[in-house]
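Let's take a friendly walk through a protein model, one residue at a time. Keep the sequence and the 3D view side by side as you read.

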Amino acid sequence: KNQTNNKIENLLKPSSIDKGTKLVLVNALYFTGFWNKKFKKENNTKEDFQVAKKEYENVVFMNSKISAYYYEDKYSKIVDIPYSNTNFVFSIILPKSFKKLIKLEKKLSYEYYKDISEKLEKFHVYLSLPKFDLESEFDLENTLKKLGIEDAFTGSADFSGITENEKLFINKVVHKANISIDENGTEAAAATAVVMRKTASQLETVEFKANCPFIYIIRNKKYNTIYFIGKVTNPNL
């Protein structure tokens with residue numbers, strides 16, 4: 001709780017720990033960043049955000065015109081929204097339609113993201129972004145097993161590097177995350193090479209309206225490191 005500025009509380013339920021629990025390992029990541037150009041509240045609008053095939057939610061959108069790196073292909077539009085610390089960006093990968101979200105998710109990989117990141121060019125962007133404050137929680141046991149980490153959850157686990165006094169195995173892996181976006185910037189928490197781009201002297205103008213489910217990434221450009229990645233399906237949840 002202290003390490004995430006009160007964003008992550010009660011990571012483990014009391015029932016997660018019993019007399020057989022020997023060790024709990026916790027890691028926490030906290031990020032706060034102010035936009036390079038803050039949104040003005042007087043420019044906010046209430047508009048529809050598509051949450052299902054024929055279902056919409058009325059949400060608050062923040063609106064501004066910014067200079068930002070942008071790219072689009074047949075699947076999606078991508079924009080890097082800069083923070084005041086220009087080493088960091090908030091990237092949005094927006095499918096060109098609601099039905100293209102599944103195709104985009106199947107296509108999404110680090111290689112795909114790296115490829116589109118290298119194709120970004122600077123534009124004037126009319127940006128419309130919903131405000132949101134989202135929290136998610138996952139039990140990662142099945143996910144890790146699918147990735148090949150199986151013995152660690154059984155009596156065959158070898159954690160002799162920690163202790164040889166008794167056999168240990170992993171009982172539970174819990175991941176909890178929270179992210180909020182407002183006019184000032186981003187606050188996010190979780191517990192568990194610079195690319196030169198060409199810039200036109202006369203910037204073109206594009207529109208970027210995030211009014212359907214999208215993928216967001218908080219990235220350190222200096223080290224090309226992804227800190228957070230997630231999906232917004234309903235800003236009102």
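We start with Glu141, which has a relative accessible area of 21% and therefore counts as partly exposed (buried means under 20% relative accessible area, exposed over 50%, and partly exposed in between, using a 1.4 Å probe and protein chains only). Before going further, note that this is a predicted model, in which local features need pLDDT of at least 70, side-chain atom pairs count only at pLDDT 80 or more, and totals for chains, interfaces and linings use all residues. Residues are numbered from 1 along each chain as its sequence is written, and side-chain values use heavy atoms, with hydrogens and water left out.

Which residue forms a salt bridge with Glu141? The partner is Lys145, and the closest N and O atoms are 2.9 Å apart. A salt bridge here is a side-chain nitrogen of Lys or Arg within 4 Å of a carboxyl oxygen of Asp or Glu. Side chains of opposite charge can pair when their charged atoms come close. Glu141 and Lys145 are four residues apart in helix α3, so about one helical turn separates them. Helices (H or I, at least four residues) and strands (E, at least two) are DSSP runs, numbered from the N terminus. Lys145 is partly exposed, with a relative accessibility of 32%.

The model has 12 salt bridges by this rule. Another one joins Lys172 and Asp139, at 3.6 Å from N to O. This pair links distant parts of the chain: Lys172 is in the loop between α3 (141–146) and β8 (174–181), while Asp139 is in strand β7 (residues 132–139), 33 residues apart. Lys172 is partly exposed at 38%, and Asp139 is partly exposed at 43%. Glu9 and Lys1 form a salt bridge too, with their closest N and O atoms 3.9 Å apart. Here Glu9 is partly exposed at 35% relative accessibility, whereas Lys1 is exposed at 54%.

Now let's turn to the rings. Rings of Phe, Tyr and Trp (its six-membered ring) pair if their centres lie within 6.5 Å; planes under 30 degrees apart count as stacked, over 60 as edge-to-face and the rest as tilted. The count by this rule is 12 aromatic pairs. One of them is formed by Tyr70 and Phe123, an edge-to-face pair with 5.4 Å between centres and 70° between planes.

How are the rings of Phe88 and Tyr227 arranged? Their centres are 6.0 Å apart and their planes lie at 45°, so the pair is tilted. Phe88 is buried at 16% relative accessibility, but Tyr227 is partly exposed at 31%. Both rings belong to a cluster linked by ring pairs, whose members also include Phe31, Trp35 and Phe39.

A ring can also have a charge over its face, as with Lys209, which sits 5.3 Å from the ring centre of Phe61. For this, NZ of Lys or CZ of Arg must be within 6 Å of the ring centre and within 35 degrees of the ring normal.

Let's go back to strand β3, where Ser64 is found. Is Ser64 buried or exposed? Its relative accessibility is 14%, so Ser64 counts as buried. Leaving out residues up to four places away in sequence, Ser64 touches Lys37, Phe39, Val125, Tyr126 and Leu127 (contact means heavy atoms within 4.5 Å).

Our last stop is Lys96, in the loop between β5 (88–95) and α1 (101–107). Lys96 is partly exposed, with a relative accessible area of 39%. Beyond its neighbours within four places in sequence, Lys96 is in contact with several residues, including Glu72, Asp73 and Lys77. Lys96 and Lys77 are 19 residues apart in sequence, and their C-alpha atoms are 6.6 Å apart in space.
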